[in-house]
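This report describes a protein chain for a reader who is new to structural analysis. Please keep the sequence and the structure in view while reading.

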Amino acid sequence: MDLAEIWRVMRRRWYVLLPGLLLTAALTTAVHLLIPVEYQSQSTVTLLNSSKATEAFDGNPFLSTQASLTGMADGLARNLNSDGAKADLKALGVTGKHEVKIADNAQGPFMWLTVTGTDPAAVLKSDELLASYADKRLKEFQTQQSVAPAAMIRMATIVPPQKPQAQTKTRLQYIVMVGALGFVLSLVATFFVEARRRTPRGKDRPAPAGTPAVPATAGPGAATPDATDETMALRTVGSGGAGSP
């Protein structure tokens with residue numbers, strides 16, 4: 001079946017294809033309206049060595065780095081993603097979904113603080129609250145271990161919470177999936193109806209030219225045209241033989 005034949009079938013069975021396409025359009029619109037747009041805000045923070053450890057570098061914390069800072073960043077990120085931290089953040093007014101992790105391809109103790117939600121203003125505010133809560137938890141960890149204030153690891157903001165950006169990828173994927181599925185099912189229904197309406201192959205096919213027709217009322221004992229001709233020839237021969245000397 002070529003494209004021309006497909007087009008002819010679609011035109012011939014438009015009463016099947018059109019309702020399917022209208023239903024697909026309605027479902028696609030429903031998905032577009034029911035799935036809200038999500039917004040995401042992200043900030044970047046880093047852990048810095050204590051003021052006591054940076055005395056040898058004239059107090060510049062960016063010149064004093066240790067592998068232990070990355071380990072501390074990993075432990076802090078795990079704590080901020082825990083159920084207890086989620087409950088604390090919710091009590092503080094954080095809405096939506098938050099995630100804390102070490103930044104991709106980071107060459108130091110850099111952390112990404114990300115908040116996702118449907119309200120841009122609430123997302124931005126939640127990301128700011130998350131950054132404050134992360135700094136508070138870092139201090140609490142060290143206080144619990146009786147670390148002197150001058151020896152405590154510090155947190156600094158590298159990138160403040162950014163303006164929330166719309167995340168449309170998930171919703172677009174659902175819309176495309178529903179639209180494609182509806183279109184395919186509409187075509188399947190159209191060609192199914194076309195196949196059911198066509199005459200089965202071999203039925204009512206005319207007999208080839210030159211084939212002698214057999215009367216429809218011929219019974220089991222009726223003679224065929226070939227048998228009749230043979231009988232007449234035998235009678236003629238018999239009549240001629242009887243009159244000869």
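A residue is called buried when its relative accessible area is under 20%, exposed when it is over 50%, and partly exposed in between. Tyrosine 15 has a relative accessibility of 35%, and therefore counts as partly exposed. The structure discussed here is a predicted model.

The structure contains 1 aromatic pair. This pair is edge-to-face because the ring planes of tryptophan 14 and tyrosine 15 stand at 80 degrees, with the ring centres 6.2 Å apart; an angle over 60 degrees is what the term requires.

## The chain as a whole

The protein chain has 245 residues, of which 27% count as buried. Its secondary structure consists of 7 helices and 5 strands. Read from the N terminus, the elements follow the order α-α-β-α-α-β-β-α-β-β-α-α.

When contacts between residues at least 6 apart in sequence are considered, 72% of them join residues at least 24 apart. The chain exposes about 16,800 Å² of surface, and carbon and sulfur atoms supply 60% of that area.

## A buried tyrosine

Is tyrosine 133 buried or exposed? Its relative accessible area is 5%, so tyrosine 133 is buried. This residue belongs to helix α5, which covers residues 120-144.

Which residues does tyrosine 133 contact, apart from its neighbours within four places in sequence? They are Leu80, Ala85, Asp88, Leu89 and Leu92. For one of these, leucine 89, the C-alpha atom is separated from that of tyrosine 133 by 7.6 Å, although the two residues are 44 residues apart along the chain.

## The largest pocket

Rolling a probe the size of a water molecule over the atoms shows where empty space is left. The largest pocket of this model has a volume of about 290 Å³. Its lining is made up of 14 residues, and those nearest the pocket centre are Glu38, Gln40, Thr116, Gln167 and Thr170.

Several elements contribute to this lining. At least two lining residues come from each of the strands β1 (38-48), β2 (97-102) and β3 (110-117), and at least two also come from helix α6 (169-197). Sorted by class, the lining of the largest pocket comprises 7 polar, 5 charged and 2 nonpolar residues.

Technical notes:
Residues are numbered from 1 along each chain as its sequence is written. This is a predicted model: local features need pLDDT of at least 70, side-chain atom pairs count only at pLDDT 80 or more; totals for chains, interfaces and linings use all residues. Side-chain values use heavy atoms; hydrogens and water are left out. Rings of Phe, Tyr and Trp (its six-membered ring) pair if their centres lie within 6.5 Å; planes under 30 degrees apart count as stacked, over 60 as edge-to-face and the rest as tilted. Buried means under 20% relative accessible area, exposed over 50%, partly exposed in between (1.4 Å probe, protein chains only). On a 1 Å grid over the protein atoms alone, a cavity is a set of points where a 1.4 Å probe fits but cannot get out, and a pocket is an open set with protein on both sides within 12 Å along at least five of seven lines; lining residues have an atom within 4 Å of a point. Grid points are joined across faces, edges and corners, and a volume is the space filled by probe spheres set on the points. Helices (H or I, at least four residues) and strands (E, at least two) are DSSP runs, numbered from the N terminus. Ala, Val, Leu, Ile, Met, Phe, Trp, Tyr, Cys and Pro count as nonpolar, Asp, Glu, Lys and Arg as charged, and the others, Gly among them, as polar. Contact means heavy atoms within 4.5 Å. Accessible areas come from the Shrake-Rupley method with a 1.4 Å probe; for residues, only the protein chains shown count as cover.
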